[in-house]
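Hi there,

Here is the structure I promised to pass on to you. Have a look at it first, and then read on for my notes.

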Amino acid sequence: MTEDAQVDDDDLLTIGAFAARARLSPKALRLYDRLGLLRPAHVDEVSGYRYYRAGQIGRARTVALLRQLDMPLAVVAEVVAAAERDGGAAAERLGAYWAGVEARIAQQRTLAEFLRGRLSGRGVEMYGRFEVETVEVPAQLVLTEKRHTLADELPAWIGASLGRLEAAARECGGVTGAPFVVYHSEVSMESDGPAESCVPVADGSAARAWAAERGRAWETAVRVEPARRLAYTRITKAQVAHPQILAAFEAVEAWMKERGLEYDGPCREVYFADWDAAGPDDPVCDVAFPVR
């Protein structure tokens with residue numbers, strides 16, 4: 001018997017017949033079997049031939065359509081498994097996946113526009129939107145949390161870590177200045193920093209005790225941030241998003257270069273406003289470089 005031959009049970013289809021009815025290739029069906037997305041109803045123990053039931057056609061077509069959305073196989077498995085239990089839950093999982101795709105495409109569209117401006121020599125035009133100034137910042141005692149992280153995880157980590165540190169600082173005499181994030185090395189999809197969240201704190205002894213007792217899980221420490229002269233530009237909540245914030249960093253660097261200023265430490269973001277209460281056009285952050 002060949003693999004494409006019909007077996008005696010009228011409800012079973014050979015892989016070739018099933019592939020034709022499901023409008024898929026036998027190769028795709030073998031892949032779905034190997035990945036656990038669509039198991040054959042029966043596999044001949046002697047020949048190894050796969051047989052499917054007609055009732056599996058709907059699942060096979062659903063898997064194929066989901067793959068046309070470039071959906072990862074693990075998510076496909078979640079959706080089709082949910083569909084067999086609750087169609088509404090499966091639809092919600094698909095909606096959540098697609099919302100993520102649209103958000104990523106929107107971000108990539110913005111990044112592409114940013115790169116078009118840079119490649120076409122419109123950098124000066126882009127940087128002209130940012131006003132750069134300098135400010136003297138005194139030495140500060142800071143409660144910190146450091147982490148190696150890639151760019152896609154960075155926003156969530158910044159919010160969570162600053163929240164933890166601000167809560168701790170309130171237990172240790174209070175927050176004495178604007179929280180900030182220091183980038184000790186590049187953070188991108190290829191480079192993981194590290195980044196360091198910092199919250200100025202009043203009581204160093206209490207902060208050290210807190211870090212020793214409850215901060216070990218998050219690499220919490222207490223240190224003195226030396227006095228700095230910062231070259232900075234102020235940006236809105238909307239501009240904090242990638243890649244707009246890259247243009248802000250580059251604008252400050254271009255301004256420094258024009259004036260012959262040297263780097264005097266790692267770059268940073270200073271968050272001086274209530275993030276949750278701020279609207280898209282409200283200033284919330286200073287993008288800054290220590291200079292000398």
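**The sheet and what packs on it**

In this predicted model, eight strands make up an open sheet with antiparallel pairing, in the order S4-S9-S11-S10-S6-S7-S5-S8. The edges are taken by strand S4 (132–137) and strand S8 (220–225); each has a single partner strand, so one side of each is left without a neighbour in the sheet. On average, and ignoring direction, neighbouring strands of this sheet are turned by 30° against each other.

If you want a residue to start from, Val 137 stands opposite Arg 228 in S9.

Helix H7 (residues 154–171) lies across strand S5 (140–147), strand S6 (180–183), strand S7 (195–200), S8 and strand S10 (268–271). Its direction is at about 30° to S7. Helix H8 (residues 204–214) lies across S5 and S8, and runs at about 15° to S5.

**Aromatic rings**

I also went through the aromatic side chains. Searching the whole structure gives five aromatic pairs. One of them joins Tyr 97 and Trp 98: the ring centres are 6.5 Å apart and the planes stand at 50°, which makes the pair tilted, as the angle is neither under 30 degrees (stacked) nor over 60 (edge-to-face). Tyr 97 is buried, at 12% relative accessibility, while Trp 98 is partly exposed, with a relative accessible area of 33%.

Another pair is formed by Tyr 271 and Trp 275, with ring centres 6.2 Å apart and planes at 75°, so this one is edge-to-face. Here Tyr 271 counts as buried, its relative accessible area being 11%, and Trp 275 is partly exposed at 36% relative accessibility.

There is also an aromatic cluster to look at, made up of Phe 249, Tyr 263 and Phe 289.

**Arginines over rings**

Finally, which ring does Arg 164 lie over? The answer is Trp 218: Arg 164 is placed over its face, 4.5 Å from the ring centre. Arg 234 lies over the face of Phe 272, with a distance of 4.1 Å to the ring centre.

Best wishes

Notes. Residues numbered from 1 in each chain as written. Predicted model: local features only at pLDDT ≥ 70, side-chain atom pairs only at ≥ 80, totals over all residues. Heavy atoms only, no water. Pairing = 2+ DSSP bridges. Helix = DSSP H or I, 4+ residues; strand = E, 2+ residues; numbered from the N terminus. Axes fitted to C-alpha atoms, helices over the stretch in contact; angles between N-to-C directions. Contact = heavy atoms within 4.5 Å. Phe/Tyr/Trp six-rings, centres within 6.5 Å; stacked < 30°, edge-to-face > 60°. Buried < 20%, exposed > 50% of the residue type's maximum accessible area, 1.4 Å probe, protein only. Lys NZ or Arg CZ within 6 Å of the ring centre and 35° of its normal.
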